[in-house]
Amino acid sequence: MTLYNVTLKETASPEELEKAKEKVRSEGGTIKHEYTLIKGFTVEYPDDHVNVLESNEHLHVEQDGNVSTQITRSIQLRHNSTWTPTSTSESWEKPPSWINVAEDEIARLAALRRRPLTLADLLKHGQPPLSKQALLDSANFTLSLLPARLAYRIQCLRNLPFIVVSNPHVSQIYNNYLHSLSTLLPYQQRRITTLEEEKQFAEVMADLVQTHTNTIPILARGFLECRKYIESDEVTRFLDSHLRARIGTRLIAEQHLALHFASQPISDENPNPPLSEREHGPPNYIGVIDTALKPAQIVRSCEHFVSEICELKYGVRPTLEINGEPDASFAYIPVHVEYIITELLKNAFRAVVESGHEKEPIEVTIAAAPDIPGNHLNHINYIPHHARDGDVDISAEEEILVANENIRRTNTSSQSITIRIRDRGGGIRPEILSQVWSYSFTTFSEANASGEYNGNIDALNTISGAGGNTSTIAGLGYGLPLSRAYAEYFGGSIAIQSLWGWGTDVYLTLSGVGRIGE
């Protein structure tokens, strides 16, 4: 007789759970415990009968394991690493076929040293289309970083209270990390040496990105439902670390994917096709990084989007003026800047409208610092502790040398751009100013906490998730903390100066990598 954890899928009705209980009893099973926080139960069941439950499309069935690791159930993972959802509406919950990830392997990987990710790391393989060797080096560099990071996040999830990890949303994220780790393990013990292997690895990276697309809203719902069982400070610490780590994990995977697709067609049979036959993306892009990013253009794009939502909500469209150095450019990741600027403009637009100063223009000033050769702002010793990647081992001093040293390097100078957003929205009340960086779990309604988003969320809140599939975190207070995480990841910062009764200045500083060497 073996213990199994049985939980009801979100799409299933409570009646299916009662039917499962009746089926268990009729087949000789014994229900040992019924959960109140989640819809499920633990059952002692004959090994040769458990397939009756596993074949039920309304249930998740997992074998119970050693209690000593809090959530040490034997989480089962899929074997086919190239599986992807068949439609955009189909999301990863459980893999279609099953294997186990060894506990000692997770512990070994989690104990490995992890160093901080820098923009220079992402640029080191050069301008696509890449040669065969450069593409293989990119794949191996990606593989050298991800398994340890995924394993460490699994360990961090296990350190949460058991009742929190038992929540179906938090448990789903835990399963997702185990799944992604399992798809990398076949590659982890060897180097990728052929373009066919690199192609298969790119499929694994695509699956990893897809699997973790909705991590933020899913975790938000999970912690919202568990807020009675965990201190808010502990939640903030966990989320701050976890979401910063997620930034790095996605960047590593997305960078290699972008380089892979920008280097096609390429194969072992034809490793050096003529440039005329290869993909040609924007000439200023290296993977997901725009080497000539102009913040002023992104500000205008975000202004247009926020203005439309503001006009829909309030019937007015505040104006925005850009001054300083609107032609300034540097190397950075556009989607990060878009997210941050959208969130900051949303707050500024709402403030001026609700304070009755919608005719006062919002002023955006852009200032570029000069390149300073040898000033490595991304070195871990210069990064504040709270700003570090949640997966970084702060004791790690040795770099992981995987990439070919012959690959064209970029200029190692650092450049920063500061953007000041000034509004006449009345400022922030002094008693809540210290709370704006905390992950809040009290502004979302109980109706939404139950899982049904009824569409009544403030329209301006929804734009916090623009382009990132995170609109369901609206009202949770994630916008500013996430913006700070994006800014600080590569050594930048966000600072707020509030003049209560008048307005607010927000200073966003982004640290790039200077000018890219030819």
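This short talk goes through the strand pairing in the structure above.

Before the details, please keep in mind that this is a predicted model, in which local features need pLDDT of at least 70, side-chain atom pairs count only at pLDDT 80 or more, and totals for chains, interfaces and linings use all residues. Residues are numbered from 1 along each chain as its sequence is written, and side-chain values use heavy atoms, with hydrogens and water left out.

I will speak of strands, which are DSSP runs of E with at least two residues, numbered from the N terminus, and I call two strands paired if DSSP finds at least two bridges between them.

Let me begin with the open sheet, in which 3 strands follow the order β7-β8-β10 with antiparallel pairing. Because β7 (285–286) and β10 (330–332) stand at the edges, each with a single partner strand, one side of each is left without a neighbour in the sheet. Strand β8, residues 289–293, pairs with β10 over 2 bridges, and there L293 stands opposite F330 of β10.

Turning to β11, residues 362–368, we find a parallel pairing with β9, residues 320–324, over 5 bridges, where I362 is the bridge partner of L320. β11 also pairs with β12, residues 416–423, this time in the antiparallel sense and over 6 bridges, with R422 of β12 as the bridge partner of E363.

Finally, β13 (residues 493–499) and β14 (residues 503–511) run antiparallel and are joined by 7 bridges, with I494 opposite L508 in β14. These two strands form a hairpin with 3 residues between them, and G501 in the turn has a positive phi of about 100 degrees.

Conventions:
Helix = DSSP H or I, 4+ residues; strand = E, 2+ residues; numbered from the N terminus.
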